[in-house]
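Please walk me through the contacts that side chains make in this structure.

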Amino acid sequence: MEDKEKEILEEEQAKEGTEENGGENAKAEREPVEEKAADGGEDTAGDEKKGFGKKQKKDKKEEAFKQKIEELEDRVKRQMAEFENFRKRTEKEKAAMYEVGARSIIEKILPVVDNFERGLASIPEEEKGGAFAEGMNMIYKQLIGELDKLGVKPIEAVGTEFNPEFHNAVMQVESEEFETGIVAQELQKGYTYRDTVVRHSMVAVTQ
């Protein structure tokens, strides 16, 4: 009887040991799974963090790129404005140089016109219808016509009120025909070039 009880007791102890080993094995099997799950969670968070960092870097690069484009556009606009100002300034300087050159040539031609007029005025009345006089007169008219095309105009003098902007009074004369302050004689003809005086008229004014 005692042997039987001893045998039953040993069987129960063996059974308890088996259950304990089984529990420990199950726990051991669960722990790797849980650790794996935990590891998986950390990897996901890390990936999200890396993705956010890449996006920030991309946004910064795009912003820097846009800023660079704006700077280049601003530089191009400034250069275009400077070039336009340079072009206008150059055209203005060229026009001014042309005007200076034209005035200089006109001033040199005017004495030739004066000599033509003196020569025509000195021709005797009986010779004014001759071939030589007619030729001189034709050349004179051609010269005056070309000057007129360039914008060279004679200044009105005799019978007009004295104007210091156009007339240069060198003497005063008495006149029954004109009132005081009126140009009575034109001693040398004056000319304008494009509404600016090239040479003032030399005149005598009624006193």
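Glu84, Arg87 and Glu91 are linked in a network of salt bridges. A salt bridge here is a side-chain nitrogen of Lys or Arg within 4 Å of a carboxyl oxygen of Asp or Glu. By this rule the count comes to nine salt bridges. This is a predicted model: local features need pLDDT of at least 70, side-chain atom pairs count only at pLDDT 80 or more, and totals for chains, interfaces and linings use all residues. Residues are numbered from 1 along each chain as its sequence is written, and side-chain values use heavy atoms, with hydrogens and water left out.

Glutamate 99 and arginine 194 meet at 2.5 Å, N to O. Glutamate 99 lies in helix α1, arginine 194 in the loop between β4 (191–193) and β5 (196–199), 95 residues apart. Glutamate 117 pairs with lysine 189 at 3.3 Å, N to O. Here helix α1 is linked to the loop between β3 (183–188) and β4, 72 residues apart. Helices (H or I, at least four residues) and strands (E, at least two) are DSSP runs, numbered from the N terminus.

Now the rings. A search of the whole structure finds one aromatic pair. The ring centres of phenylalanine 116 and tyrosine 140 are 6.4 Å apart and the planes stand at 40°, so the pair is tilted. Rings of Phe, Tyr and Trp (its six-membered ring) pair if their centres lie within 6.5 Å; planes under 30 degrees apart count as stacked, over 60 as edge-to-face and the rest as tilted. Both phenylalanine 116 and tyrosine 140 are buried (under 20% relative accessible area; exposed is over 50%, partly exposed in between; 1.4 Å probe, protein chains only).
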